[in-house]
Structure formats: structure tokens, C-alpha cells
Amino acid sequence: MDPICHIFLLLLAFHKINPSVSSCITGCSCSQDSFGRSLLCMSALLRQIPANIPQDIRKIRIENSHLTELPRGSFENVSALEYLWLNFNNITVMHIKSLEYLPALKELRLQGNKLSSVPWTAFQDTPTLKILDLKHNRLDVLPEHALRYLPNLTYLDLSSNQLTIISRDVFYNWPVYQRSQRTEGPLEAISNAVLALHDNPWICDCRLRGFVQFIKSVGPPIILMNSYLTCSGPKFRTGKFFHEVELNSCTKPLTSALDTNLTVPAGLNITLTCFVQASPSPAVWWTYALKLLRAFNVTTEPVSEDTVRSELLIPAARPADAGNYTCTAANFLGNASVAINLRVVAPWASTTPRGWAPMAPAEPGAHVEVRIAKQTVYGITLEWFAAAAAEPGETWYTLLVGRYDAAQKDTIYIGPGVNTYSVTDLLPATKYEVCVAVRNQAPRKGQCVVFVTGSDVSQLEQREKLIHIVVIVCAMVLAVPAGMYACTAEALPGCLARCPSACPRRRRGGSAQAAGSKESTLDSLPAGSEDGLCRPDGGRGARRPPAREEPDKARPPHRNSADLY
């Protein structure tokens, strides 16, 4: 037989017996170099570890592919593998048994993947591992025993991850460090180990104290690739080097407030403040009854290394805002809280309708002119103007509305830019008083309007005659519907003598109206109205003749509005 044919038949038989010795993966390339036989895969179409890798491969390099995980037993057919490079893929999951059957592995490079955690116990299957490259991943935690199963490492790269807080015990439990601390035996026998930890967002608070001390004291055989580790937080330490900071021990939060019982006037902006002393910086929040209805703004900022100030702002405090406000702080050592009791009172106390007690002296030029601008079926609309107001666009007003003889009236707070308010749902045959004042001032003369609602007549006439506004001060007669007439408050005893002469003139001006429309003139008011207006003390004046009525229309009985005076 031809010798060439003989050799060919021998090679063919050998391949049939062990085809994996010389074959390669489709889409990949195999080569022989100083490491031994190598497999190189740079295909973007590769989405998992190939299952038929030749057994004689000593080095695998799969990069820039779409690998997303390392499943269990990924390399069980290549137990002689020494070098595994899986850089710049999309690996997010690494099975705890993904390195099984790799006792000879010396180098593992996983740079530029998306690992947020590593199953550190997986390195029990790689006792001879010397190089572990995990830079440019997303690792944010290093467990206390992470390096326990890496006794022969000479290079560990954890740079450019998301590590913020780690314990020094991670390195105290590392066999490489433990060997370096032994005093017996020559130190030169221990190989150097390069450690890369830079470009991580370290939070330099008390939790990092032990690690910072380790970095400051570390020396050969452990060598830092970059010894200038920098702080990324807290804010007042950002950019500082580890060797520039001195960190304190951690402490449980301690909360306090300058005043735990506050009484404030309504309408003011109130700031509640609490101070928290803790390390590390705690989470701070406020709880109060109206949190779901009124979510107030809260700001928290550090005032020193271990003290923060938290402020809760209540804009235009209302009586409903009164109650307990609790400031709570917590860190990993515990929590604490302080309660602030808030009491909101009216800007002045109303004991009698005539006895307003101002909480602050009235400012010159802060007089408010008030008038009835409109009458509706169910109430009135007030309009006011603050004469010579210092800052009209920022002026708040307080309205006091209620029955004339009520000791306590309802308080309404009106914000800047609003100068009207409608009083509705009034009761018939009732005397009311409405006062308007600049916030923190008592109402002055002319800032209150007193009026009486008409009698509760039949349903047919109720909507048209429910309200007869009778303002107790003689100044003008308002042209309003439903037979309303009004004069300003604080009139002299004889001032109303001019009102009857003014009112008929207005009636004559409206003579073109239908004769049956009683509500269009002042005749629709009760006959005794002027007696009560001009003689509030009970004196009687000239009575107006009763209005002429149609003979066929029965007038229902009603209560005299003037009797309310």
C-alpha cells in the first residue's frame, strides 16, 4: 500500500476514535500558541457557551458576543482548561457550579460584563486560580467571606464597579492577607498580590471606617494598584482621598427639637424643625394626621458631620393643621423620634361682636374698604379693597362670618390676589355680621357689614324674597334685586333721616317697572325696618307707610326683620 495512503488511513481512524482532539467550533478559530491549543470566538451570533469544545483546549477566549449567563457545568468537557477569557459580553448570571470540573484554571477574566453579584463559593472548584479580573461590572456588595476560597490569588481587580460600603473583614478573612500577618517564617516566601479597588463610588461614613483603616495600613505583599481611593459621598467628603478623612464610629439616631409645643396664628407660614444626630446619616420622615390630604414640603440637609436638620413647611397654617407632627429618623442601628405639638389660633380672639382684640398693632395705611357687590338668591358677594397696602400682591385677608350675636364666628382665610367672597346658605330672618381685615389685624370701623335676611315666606316667593339686605350704616342705597337696600355701618343717630328721601327718588326712577313687582322697590321691606335701623337702642322714628298691595292677593304673615335689632 502506498505510504501516503497508509498515513491517511491512520489519521482517519484516529479522528473517528477521538474527533474532539483536532476539530474546532463553527464560527470560531483554533490555534496553537505558548499557552497550548486555544479557542477564539468573536462572533456576535454566539449566545451560549458551545457544548462541543475540543478536550485539548487550554485557553478559551469568547469576547464581544451575546453571552448572558454561565450555566452549571459550562466547561465540564475541558477539564484541562487553564485560561478563560469572557470579556465584554452581557453576562448577568453566574451559576454557583459554573466553574465545576476546572481544577487547573489559573486565570478568569470577566471584564466588561453586567454582573451585579458573584457566587464566591464557586471558586472552591478552582483552587489554583491566580488571576481574577472583574473590573467594569456592576458589583455593589462584597460578602465578608468573599475571598476565603481564593488562597492563591496574585491579582484581583474589582475596580470600576458599584462598591460603596465594604467591611475590612473581607480582607482580614483572605488567606493571602492572613499569611502576610504571620510573623514566623521568611516574608519573602509569600508572593505579592495586586489589589485594584479604585473608581468605585465609596461612601465615606462610619460604615467604611474599618476599610479605610485597612487601606491606610496595607502593605506588601498586598500592593494597591491605585492607593489614592477617593470618596464619592457624603456630599461634604466628595472628592477627598481616604488618607485625608478620619471617620467616627457609628451611632444610633438621637432626635431633638428646639420647641416641642408651638402656638402660632392662623395664616402664617410655619416651619417645624427637628435635629438628628446619627452616624451614618439617617433616613428622616415626618408623620402627621393630614399627610394624605396635605402633603407638606420637607427638606433635610446636613449641618455637620453627624447632624442633619429636617424642616417641614406648612404654608398658610389653618386650624385644621393643628395636632402632633412626629419627626422620625432611622439608620441600621435603630431609630428615634420627637413629636412637636402645633396649635393654630385665629389672629385675634372674638369674645363679643364689638370687642375685637388685635394680636398685632394695626399698621398705618392698612385699612380695608368693604362693600356688598352683589346679591344672589341664596346670599351676598362681598368685595373689598386694602387701601395703601404695602404689598397688595402678597396680602392675606381674614374674613369673620356669623350671626351678629354669636360669640365665635367662622374664620375664612383668603390668599393674595383675591378680593371677593360669596356668603351663601344664609338662614331667613337672621341677623349676620361679616368683617374683613388684613391678616394679624383687628377689623376697623367700616370693615364690617351687618345685614338681615328676609322672612321665610311661601315657597312661591321664597327664592325672590329670601334675602333683604339691611346694612346698618347710612351711606348709600345699593341698586340690587329682591328689594334689598344697604347703608354702611357706624351711622350717627340722625343719618337715616336722609335715607327715606333717597329711597323714594330711586323708586321714582324705576316707575317704568311693572306695578305688581313689589320686589323692585324698597316698599317690599317690612314697615318697621327703618325704626330698627335708625334707633338701634329701641327708639322709634317716623314709620314709612306700608306698601300698597293688590286687593286680590293675600300676603302671608312674616317676621319683621327690624325686630332683630
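## Asn173 and its contacts

Leaving aside residues up to four places away in sequence, Asn173 touches Glu144, His145, Arg148 and Gln178. In this predicted model, you can find Asn173 in the loop that sits between helix 2 (169-172) and helix 3 (175-180).

Take a look at Glu144, one of the residues that Asn173 touches. Which part of Glu144 lies 3.3 Å from a polar atom of the Asn173 side chain? The backbone oxygen of Glu144 does.

## The chain as a whole

The chain has 565 residues, and 44% of them count as buried. Its accessible surface is about 29200 Å², with 54% of that belonging to carbon and sulfur atoms.

Contacts tell you something about how the chain comes together. If you take the contacts between residues at least 6 apart in sequence, 59% of them join residues at least 24 apart.

## How confident is the prediction?

Two stretches deserve a careful eye. Over residues 11-21 the pLDDT stays under 50, and the model gives this stretch eight contacts beyond four places in sequence. Residues 457-565 also have a pLDDT below 50, and in the model this stretch has 167 contacts beyond near neighbours in sequence.

Technical notes:
Residues are numbered from 1 along each chain as its sequence is written. This is a predicted model: local features need pLDDT of at least 70, side-chain atom pairs count only at pLDDT 80 or more; totals for chains, interfaces and linings use all residues. Side-chain values use heavy atoms; hydrogens and water are left out. pLDDT is the predictor's confidence in each residue, from 0 to 100. Contact means heavy atoms within 4.5 Å. Buried means under 20% relative accessible area, exposed over 50%, partly exposed in between (1.4 Å probe, protein chains only). Accessible areas come from the Shrake-Rupley method with a 1.4 Å probe; for residues, only the protein chains shown count as cover. Helices (H or I, at least four residues) and strands (E, at least two) are DSSP runs, numbered from the N terminus. A polar contact is a pair of N or O atoms within 3.5 Å; within protein, one must be able to donate a hydrogen and the other to accept it, and residues adjacent in sequence count only if both atoms are side-chain atoms.
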